[in-house]
Amino acid sequence: MIDFRYAQNFIEQSRLVTGFDELQSLLDAAASDMGFDNYALIQHVDIGRKRGAAIWLENYPSCWADLFVRRKMFKDDPILLASQNSLTGFRWDEIGKFIQVNNTHRSIFEAAAREGIGNGFTIPAHIPGEANGSCNFAVRTGKSLPDKALPVAQLVGCYAFEAGRRLLQEDTTRQRPRRKLTGRQLDCLILVGRGKSDWEISRILGLFFLVS
């Protein structure tokens, strides 16, 4: 049953994932359980240049994902634009509440529908100092949204994005080279930790300075 107990279970599991493969498996199951066919957990960056340096998990039809990246549709994607104007989840068929829909936006919706992506629900993610993002759930063309599952989808999307942020930060930390202290620097650090003054440290280590 899709209720808040389901959301709580997802939240607990999302806090335990140790890699993006685990998070993707968790989203695969959650999207299906809630009645969706596709999802995309992304940061809103030029993924053609940033792939591997941003959150990007999705199971959209490969032809649509390739077309989206190749044609740089993210620049005019109405979903990404609308997500900048909302703090809570919104249905794609109500996007006119958040942006003025133009012909370019309509053409993107039409292209997605031809590739099998119909209506959807987007949960925006706004983190000061970081790239904006969103968790998007979609149903195939012609299928109705699972309205009763949308409140749960809101929570699932928020915590899925937070799990993605954590994993990305952990990956960045592991890849960042650590600076090594010299033996003398390490000696100084140990003595500072023991409460020694600069003068005492200089005498202990035989460091003498000429004052002109």
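Q: Is Glu-162 buried, partly exposed or exposed?
A: Glu-162 is partly exposed, because its relative accessible area is 39%. Buried means under 20% relative accessible area, exposed over 50%, and partly exposed in between, with a 1.4 Å probe and protein chains only. This is a predicted model, in which local features need pLDDT of at least 70 and side-chain atom pairs count only at pLDDT 80 or more, while totals for chains, interfaces and linings use all residues. Residues are numbered from 1 along each chain as its sequence is written, and side-chain values use heavy atoms, with hydrogens and water left out.

Q: Which residue does Glu-162 form a salt bridge with?
A: With Arg-165, and the closest N and O atoms are 2.8 Å apart. A salt bridge here is a side-chain nitrogen of Lys or Arg within 4 Å of a carboxyl oxygen of Asp or Glu. Arg-165 is buried, at a relative accessible area of 12%.

Q: Which residues are linked in a network with Asp-37?
A: Arg-140 and Lys-143 are linked with Asp-37 in a network of salt bridges.

Q: What about Asp-3?
A: Asp-3 forms a salt bridge with Arg-5, and their closest N and O atoms are 3.0 Å apart. Asp-3 is buried, with a relative accessible area of 15%, whereas Arg-5 is exposed at 65%.

Q: Back to α7. What does Gln-154 touch?
A: Gln-154 lies in that helix, α7 (residues 150-175). Apart from neighbours within four places in sequence, Gln-154 is in contact (heavy atoms within 4.5 Å) with Thr-88, Gly-89, Phe-121 and Ile-123. Gln-154 counts as buried, at 18% relative accessibility.

Q: New topic: α2. Which residues of α2 are buried?
A: Leu-23, Leu-26, Leu-27, Ala-30, Ala-31 and Met-34 are the buried residues of α2. They cover an arc of only 130 degrees around the axis, which puts them on the same side of α2. The arc is that of the directions from the helix axis to the C-beta atoms. Asp-21 and Ser-32, on the other side of α2, are exposed.

Q: What comes after α2?
A: Gly-35 follows α2, and its phi is positive, near 100 degrees.

Q: Last one: what is the secondary structure of the whole chain?
A: The chain has nine helices and five strands. Of its 212 residues, 42% count as buried. Among contacts between residues at least 6 apart in sequence, 63% join residues at least 24 apart.

Notes. Helix = DSSP H or I, 4+ residues; strand = E, 2+ residues; numbered from the N terminus.
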